[in-house]
Amino acid sequence: MSNIFPRHTKSKLPVAVAGDGAYLIDSQGRRYLDCGDAAVSCLGHSNQSVIKAVQDQVEKIAFAHTGFMTSEPAEALAEMLIQNAPGNLDRVYFVSGGSEATEAAIKLARQYFLEIGQPDRRHVIARRQSYHGNTLGALSAGGNAWRRAQFAPMLIEMTHIAPCYEYAEKPDGESSFDYGQRVANELEDEILRLGPDSVMAFMAEPVVGATLGAVPAVDGYFRRIREICDKYGVLLILDEVMCGMGRTGHLFACDHDGVVPDILCIAKGLGAGYQPIGAMLCTDGIYSAIRDGTGFFQHGHTYVGHPVATAAALAVLQELTSRNLPARAGEMGQKLQRSLEDAFGQHPNVGDIRGRGLFRGIELVADQGSKRPFDPAKGLAGKIKQAAFAEGLICYPMAGTRDGRVGDHILLAPPFVIEDTQIEELTWKLGKAISTVL
Ligand code: PLP
């Protein structure tokens with residue numbers, strides 16, 4: 001008997017009792033290679049530096065409300081994030097997770113335009129098949145039909161343009177570059193349709209995670225998006241909650257695309273699972289508009305800038321940078337891609353193997369030639385998740401890849417400390433799960 005309200009009422013879950021590097025261990029002593037806890041665990045589950053940082057901070061001071069006091073770890077973490085952040089990102093607003101980061105980003109965009117005397121700017125444009133979190137504002141930005149459906153009457157009106165989803169949506173005969181420019185130009189069309197003076201922000205994930213399965217944009221796409229935002233004075237909000245903090249081979253995923261956002265959201269890998277924490281970074285221009293205007297951002301949660309959470313994240317960031325782990329994620333990611341291609345490249349139901357760094361996706365199809373997805377009634381993604389778990393592998397399969405209803409992919413996000421033998425283990429266990437289900 002449990003009094004927990006679980007994610008799924010009919011599943012019976014093992015109890016996690018320990019962690020050992022890339023493995024989670026349950027109360028029966030079973031070990032699970034953790035390659036998909038939604039891309040949180042970047043340092044594995046037993047990083048001694050982070051554990052010690054948490055312990056030390058709890059001993060010093062666990063909590064001080066940021067309405068009254070700041071704290072040493074929060075100050076140090078903000079400084080280190082900004083030292084490493086691209087372009088003119090200058091200020092960090094700490095929150096407790098990804099949805100809080102994107103929610104804060106949307107509200108900051110709105111307040112910024114009020115501060116600079118453009119109160120008509122209120123529209124957010126995002127993309128189909130994106131995920132930005134589960135609170136109502138974040139869910140409104142997200143473009144995944146299935147996640148939105150039952151809450152639709154309560155969502156804020158936001159509009160969605162095409163994702164940059166080359167495998168399924170680029171027609172034969174069009175170059176990757178041209179395709180990227182064409183779908184980026186949908187942003188301009190949408191801004192003009194809504195009225196340029198009414199649009200405040202465009203929000204996107206540099207590499208789309210949960211809803212598309214590790215899909216990076218094609219070359220040139222985000223540079224064109226940046227140009228369009230600049231042309232119309234629209235803020236670019238990049239959601240790196242899942243793909244950021246080194247996972248794609250760069251500390252900030254947008255570094256790969258050569259663009260700097262006005263607001264950037266991170267979470268997951270920032271705390272690496274040792275503490276719940278997220279953050280929203282913004283430019284000096286946005287911050288000074290607030291500072292020189294109202295003087296405060298009309299937002300906040302009790303736990304913003306929590307000392308223990310920021311102490312953990314500071315230790316995580318020190319580990320990431322001092323051990324050059326984003327570069328390692330890039331290198332091991334190449335190995336993982338090769339291993340997946342060797343194992344599944346010829347599989348008749350594997351349509352695409354893609355991603356960047358240690359953020360990889362496998363898209364499953366009923367027919368490789370036509371890229372036809374499986375009948376969603378087969379419930380493929382859920383079955384693969386169960387079969388992989390039974391093999392001792394945690395991965396993140398998801399249905400609805402194409403449009404929120406049809407399509408299946410498997411998302412893989414192993415820790416950056418993964419070893420060669422564990423990449424073999426991952427591929428082998430995944431292969432067993434796929435063949436059990438298909
Ligand atoms: N944004 C992206 C891109 C995500 O992948 C997620 C979670 O998966 C979120 C936002 C929401 O983060 P959280 O679940 O921490 O609220």
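In this tour, buried means under 20% relative accessible area, exposed means over 50%, and partly exposed lies in between (1.4 Å probe, protein chains only). The model is predicted: local features need pLDDT of at least 70, side-chain atom pairs count only at pLDDT 80 or more, and totals for chains, interfaces and linings use all residues. Residues are numbered from 1 along each chain as its sequence is written, and side-chain values use heavy atoms, with hydrogens and water left out.

Select R323 and E319 to begin. R323 is partly exposed, with a relative accessible area of 41%, whereas E319 is buried at 11%. Their side chains form a salt bridge (a side-chain nitrogen of Lys or Arg within 4 Å of a carboxyl oxygen of Asp or Glu), with an N to O distance of 2.7 Å. A search of the whole structure finds 21 salt bridges.

Next, select R128 and E169, whose side chains meet in a salt bridge of 3.4 Å, N to O. R128 lies in the loop between strand 5 (123-127) and helix 4 (136-141), and E169 in helix 6 (residues 166-169), so the pair ties together parts that are 41 residues apart in sequence. Helices (H or I, at least four residues) and strands (E, at least two) are DSSP runs, numbered from the N terminus. R128 is partly exposed at 36% relative accessibility; E169 is also partly exposed, at 25%.

Finally, move to R224 and E188, both of which are buried. The closest N and O atoms of their salt bridge are 3.3 Å apart. R224 belongs to helix 8 (residues 221-232) and E188 to helix 7 (residues 176-194), so this pair ties together parts that are 36 residues apart in sequence.
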